[in-house]
Amino acid sequence: MSKRRKPNWINTIAYERMSILLKQAEEEFLDHPERSDRYVELTRNISTKYNIKLPEYWRGRFCKNCNKFLKPGINLRVRLSNESVISKCLECGEVMKVPYTQEKNKKG
């Protein structure tokens, strides 16, 4: 069976739904953290169903291991190393590293 490309209007609706869910997850986090975790789970389901990437702004805002919404200082610890940003989920202990050597090279 050949894999057909989905129409653009389906992808735009999926992006809109994902952004709405993640905005609601951010707003609801302090009052209802379990609800914001459910919003993250729904967003991940939409992105896998329609095979689209998450918007760039939201990629580091949840744990890829336990699907929890992450808020720095509450359930996320962020540290700077010499060549990377180290984020640790305090819910499950997952460590995420993001290199920033390109930014250092541009600066200097």
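Is Asn51 buried or exposed? Asn51 is exposed, because its relative accessible area is 58%. The cut-offs here: buried is under 20% relative accessible area, exposed is over 50%, and partly exposed is in between, with a 1.4 Å probe and protein chains only.

Before I go on, what are we looking at? This is a predicted model, where local features need pLDDT of at least 70 and side-chain atom pairs count only at pLDDT 80 or more, while totals for chains, interfaces and linings use all residues. Residues are numbered from 1 along each chain as its sequence is written, and side-chain values use heavy atoms, with hydrogens and water left out.

Now the overall layout. The protein has three helices and three strands. Along the sequence the pattern reads α-α-β-β-β-α. Those elements are DSSP runs, numbered from the N terminus: helices are H or I with at least four residues, strands are E with at least two. The C-alpha atoms fill a box of roughly 45 × 40 × 25 Å, taken along the principal axes. Of the 108 residues, 28% count as buried.

Next, the helix pair. Two packed helices are described by the angle between their axes and the distance between the axes. Helix α1 covers residues 8–28, and helix α2 covers residues 33–49. They pack at an angle of about 165°, and their axes are 8 Å apart. Axes are lines fitted to C-alpha atoms, for helices over the stretch in contact, and angles run from 0 to 180 degrees between N-to-C directions. So α1 and α2 are roughly antiparallel to each other. That term applies to angles over 145 degrees; under 35 is roughly parallel, 65 to 115 roughly perpendicular, and the rest oblique.

Who makes the contact? From α1, the residues include Ala14, Met18, Leu21 and Leu22. From α2, they include Tyr39, Val40, Thr43 and Ile46. Contact means heavy atoms within 4.5 Å. By class, the contact of α1 with α2 has 10 nonpolar, four polar and three charged residues. Nonpolar means Ala, Val, Leu, Ile, Met, Phe, Trp, Tyr, Cys and Pro; charged means Asp, Glu, Lys and Arg; the others, Gly among them, are polar.

On to the core. In soluble globular proteins, nonpolar side chains tend to be buried together. The largest nonpolar core here has 14 residues. A nonpolar core is a set of buried Ala, Val, Leu, Ile, Met, Phe, Trp, Tyr and Cys residues joined through side-chain atoms within 4.5 Å. Among the residues with the most contacts inside it are Met18, Val40 and Phe69. The elements giving two or more residues to this core are α1 and α2. α1 gives the most, with five residues.

Take Met18. Leaving aside neighbours within four places in sequence, Met18 is in contact with Thr43, Ile46, Ser47, Ile52, Lys53, Leu54 and Pro55. Apart from that core lies another, of five residues, among them Cys63, Leu70, Cys89 and Met96.

Now the strands. Ser87 lies in strand β2, residues 84–89. Ser87 counts as buried, because its relative accessibility is 14%. Beyond neighbours within four places in sequence, Ser87 is in contact with Leu76, Arg77, Val78, Glu94, Val95 and Met96.

Back to Asn51. Asn51 sits in the loop between α2 and β1. Its phi is near 55°, a positive value in a residue other than glycine. Asn67 is in the loop between α2 and β1. The phi of Asn67 is near 60°, again positive in a residue other than glycine. Asn67 is partly exposed, with a relative accessible area of 24%.
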